[in-house]
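I opened the model and looked up the items below.

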Amino acid sequence: PAEAPAAPLGQHPPPVATSREKQKRLLKHRPDQPRNPKVLKIAIIGAPNAGKSTLSNQLLGRKVFPVSRKVHTTRCKARGVITQEDTQLIILDTPGLTSPLKAKRHHLEEAMLTDPWESMEHADLVLVLVDVSDHWTRNALSKEVLKCLALFPHIPSVLVLNKVDILKKKFLLLEIVTDLTEGIVNGKKLEVKSAFKDDSSSSAKSPLQITRASPPESKAPKSPCQQEMDQAQEGSGLGSSSDVRDAKSSPVTEKAQEPKQYGPKELRDMKGWPHFQEIFMLAAIHGEEVDTLKQYLLMQAKPGPWEFHSDVLTSQTPQEVCDNIIREKVLEYLPLEVPYGVTQVTEMWEEGECGELLIVQNLLVPRESHMRMLIGRGGKVISRIAQEAGQDLMNAFLCDVRLKLKVDVK
């Protein structure tokens, strides 16, 4: 699904550099530190396909991470960088947390099993993303996600419910929230008001009001989005039973809040995590509410030096961005296991006379039959892939892109 991310408040995200050299220089550039720099490193974790890359792209305002309905589209440890005024948010885009057994089935690299843990070690905040449209998995955090949270209980975590727009029965959200938080958010018991219960069809309320709800209320200075959320919360029936402690509370109370250690047996019996600080509900693909989440993240940033120059949007090379985007389309249009056998070889990457980017990539497949699938009847499939990938690359590089794709048997 194509997505045109909204540009963040009054600021246009920088494009990805079109040449490896330029990107290298940018990454080596000493960050243009503002007077009082603030920084926040965010790990986004969740089951494969919860929508982590889509959310990362929305937060960045440009499509940099590959998105596909197939699992394990994201295989590299890429970083996304959001720079706004004096604050830098660094997104560590982690592969979906998966078990060794499933990894073996998809022939995934060993790195995919260790990477998520690695990015956790550098994170200041964890966003746990749950796809509420998946009724098989939405009422419990996966064992891998719980294990991850239990390994790093000192890192503050926030629950983000994604794809709430797809949920027809809004009252299910309360059930889901209660299950995923074990009924506790920010050390307070969740109190569910009856406003919801009478209204099972929820036609009387606009679903958006409910999506806006974020139970805990912080007493930090309220941004307009926070006020909006509060108003929505009053109408939504999601509330927390008492005032939540000041978000900028003293370190002493922070310590008291620290979650206990959980053993393997306790984790086995848990469905949710009782230590989330906040809950956000959004439809990442539409960018609704993503700004609210972004404002919250900017407010959580702590004083510290920036890691990247403000012109950097991602730590990937231009080629990696390109490969990922093409690979995403190949995953989208080919059946099941086929795309995992495709090897990408870039044969040409140069700047044309009018500043356009000329790219020729050869897709090598193991079998004749795969080649026929990839080309499609009358070349339909491959030209569609080239056209869509070309659009995405223009969005990433902010210049004209001429993309040519060839297909060969290895």
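I looked up the partners of strand β11 (residues 343-351) and found eight bridges joining it to β12, with the two running antiparallel. Strands here are DSSP runs (E, at least two residues), as are helices (H or I, at least four), numbered from the N terminus; two strands pair if DSSP finds at least two bridges between them. The model is predicted, so I kept to its limits: local features need pLDDT of at least 70, side-chain atom pairs count only at pLDDT 80 or more, and totals for chains, interfaces and linings use all residues. Residues are numbered from 1 along each chain as its sequence is written, and side-chain values use heavy atoms, without hydrogens and water.

I noted Leu358 in β12 as the bridge partner of Glu350. Five residues lie between the strands of this hairpin, and Gly355 there has a positive phi near 80°.

I then followed β12 to strand β13 (residues 401-409): nine bridges, parallel. Leu357 stands opposite Val401. Of the nine residues of β12 (residues 357-365), eight are buried (under 20% relative accessible area, 1.4 Å probe, protein chains only; exposed is over 50%, partly exposed in between).

I listed the aromatic pairs and got three (ring centres within 6.5 Å, six-membered ring for Trp; planes under 30 degrees apart are stacked, over 60 edge-to-face, the rest tilted). Phe280 and Tyr296 are tilted, at 5.0 Å centre to centre and 55° between the planes. Phe280 is in strand β9 (residues 276-282) and Tyr296 in helix α11 (residues 290-300), so the pair ties together parts 16 residues apart in sequence.
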